[in-house]
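These are my notebook entries on a structure that was new to me. I wrote down what I looked up, entry by entry.

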Amino acid sequence: MPLPKALAAIAALGICFSLVACRSAFVQADIVNHTGGTVQLIEVDYPDASFGTQQIAPGATYQYRFKILDSGPLKISFTGFDNKAWTATGPSVHQNQEGKLVITLDPNGKVDWKPEFSERHQ
């Protein structure tokens, strides 16, 4: 292989490896509805942002991927199948955490938070 082609191949490999190494830290969130009915107007607040959905059917899971931009507590609000508004505060998070978060809603309005976070070193 001539030298210019070899250098081009090495440069291309270097770019590929740097792109893989520079991926952003994110959290995969699952909201699991074990309330026995459809929940509506679900909103999860995290530092400097939020996400949500209109409804989650009984036994269903809503999935969302997000990036933690700042430090602070997680919060959830939703309307239960009985039209009662529920809110709960979860664990605190901080920038550069990544991993998985499972939020389970039970029939009594209790919210179970299961964070599995690790620190992403940059």
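Is Phe 26 buried, partly exposed or exposed? I found that Phe 26 is partly exposed, with a relative accessible area of 25%, where buried means under 20% relative accessible area, exposed over 50% and partly exposed in between, with a 1.4 Å probe and protein chains only.

Before going on, I noted that this is a predicted model, in which local features need pLDDT of at least 70 and side-chain atom pairs count only at pLDDT 80 or more, while totals for chains, interfaces and linings use all residues. Residues are numbered from 1 along each chain as its sequence is written, and side-chain values use heavy atoms, with hydrogens and water left out.

**Entry on Phe 26.** I located Phe 26 in the loop between helix 1 (3–21) and strand 1; helices (H or I, at least four residues) and strands (E, at least two) are DSSP runs, numbered from the N terminus. Leaving aside neighbours within four places in sequence, I listed Arg 65, Phe 66, Lys 67, Glu 98 and Gly 99 as residues in contact with Phe 26, contact meaning heavy atoms within 4.5 Å. Glu 98 is 72 residues apart from Phe 26 along the chain, yet their C-alpha atoms are separated by 4.8 Å. Arg 65 lies over the face of Phe 26, at 3.6 Å from the ring centre; a charge sits over a ring if NZ of Lys or CZ of Arg is within 6 Å of the ring centre and within 35 degrees of the ring normal.

I then followed an open sheet of four strands, which has the order 3-2-5-6 with antiparallel pairing; two strands pair if DSSP finds at least two bridges between them. Its edge strands are strand 3 (49–56) and strand 6 (85–93), each pairing on one side only. Strand 2 (residues 39–46) is joined to strand 3 by seven bridges, and I noted Ser 50 in strand 3 as the bridge partner of Asp 45. Seven bridges also pair strand 5 (residues 72–79) with strand 6 in the antiparallel sense, with Thr 79 opposite Ala 85. These two strands form a hairpin with five residues between them, and Asn 83 in the turn has a positive phi of about 65 degrees.

**Entry on the aromatic rings.** How many aromatic pairs does a search of the whole structure find? I counted four, where rings of Phe, Tyr and Trp (its six-membered ring) pair if their centres lie within 6.5 Å, and planes under 30 degrees apart count as stacked, over 60 as edge-to-face and the rest as tilted. Phe 51 and Tyr 64 form a stacked pair, at 4.3 Å centre to centre and 10 degrees between the planes. This pair links Phe 51 in strand 3 with Tyr 64 in strand 4 (residues 61–66), 13 residues apart. Phe 51 counts as buried because its relative accessibility is 5%, whereas Tyr 64, at 30%, counts as partly exposed. Ring pairs link Tyr 46, Phe 51, Tyr 64 and Phe 66 into a cluster.
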